[in-house]
Amino acid sequence: MRQTMAHVAREALREGKHPPGDGARNSLPARLAKGPTAADVWIDGNLGFALVVYRRDDGFLAEELYYSIRAATGDWLDCDQLSGGTLAFDLADFAAVASVLTDSPLAVVSESEALVYTGSEHEEGYESVRVLTVLVGESPDFIDFDIRTQEPDAQVGHLSKELTSPLMLAVVRAGQRLTVTAMKRENSSLVRDGDTMEFTLLTQ
């Protein structure tokens, strides 16, 4: 099973997104019936993370977080597991999902910090990262991620992801401040949906 999930994670990184299913964000519960499936990926240069979700034998949903680095050939190396655990709700249970969201468009449902090998010239190639799994409600159409350096407070990256899964990854690297904002379509414009969340590394 673990080898299968590592393979699912690597394939998702190769595609640059989770397997599309029918293209709808609600396709994830259906894909879970066929086995472990990638819910989302986060790619930052040569560093990639993949969230794999599966249903355990006891019926509960669980998640496994994997990461990899991109080789000089452009391909992703074998994925290593960083963390895992049981989700405290079922994606197919609308009442349970609503209870977790508590009338908000976004909610952090799990997070972890890890020391990962990035191949950089600093800290002997290792770097601390904070990875968050974010549950997204029905109202947002996009999630905006703004990445800024902590000092000075200048934007160094922006990512806008269309919603094709109710679970999304957000990754904070050393020296970064990440803001996560849900956006929804309103007539011909995109407007903010709810409050913006901000994250930094808990330990430096």
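Which residue of E4 does tyrosine 66 stand opposite? Glutamine 81 in E4 is the one facing tyrosine 66. Before going on, note that this is a predicted model, where local features need pLDDT of at least 70, side-chain atom pairs count only at pLDDT 80 or more, and totals for chains, interfaces and linings use all residues. Residues are numbered from 1 along each chain as its sequence is written, and side-chain values use heavy atoms, with hydrogens and water left out.

**Strand E3 and its partners**

Helices (H or I, at least four residues) and strands (E, at least two) are DSSP runs, numbered from the N terminus. Two strands pair if DSSP finds at least two bridges between them. E2 (residues 47-55) runs antiparallel to E3, with 9 bridges joining them; glycine 48, for one, has serine 68 in E3 as its bridge partner. The two strands make a hairpin with 5 residues between them, and glycine 59 in the turn shows a positive phi of about 95°. E3 also runs antiparallel to E4 (residues 80-86), through 6 bridges.

Buried means under 20% relative accessible area, exposed over 50%, and partly exposed in between (1.4 Å probe, protein chains only). In E3 (residues 61-69), 9 of the 9 residues are buried, so the strand is largely enclosed by the rest of the structure. Leu61, Glu63, Leu65, Tyr67 and Ile69 point one way, while Ala62, Glu64, Tyr66 and Ser68 point the other.

Most residues other than glycine have a negative phi.
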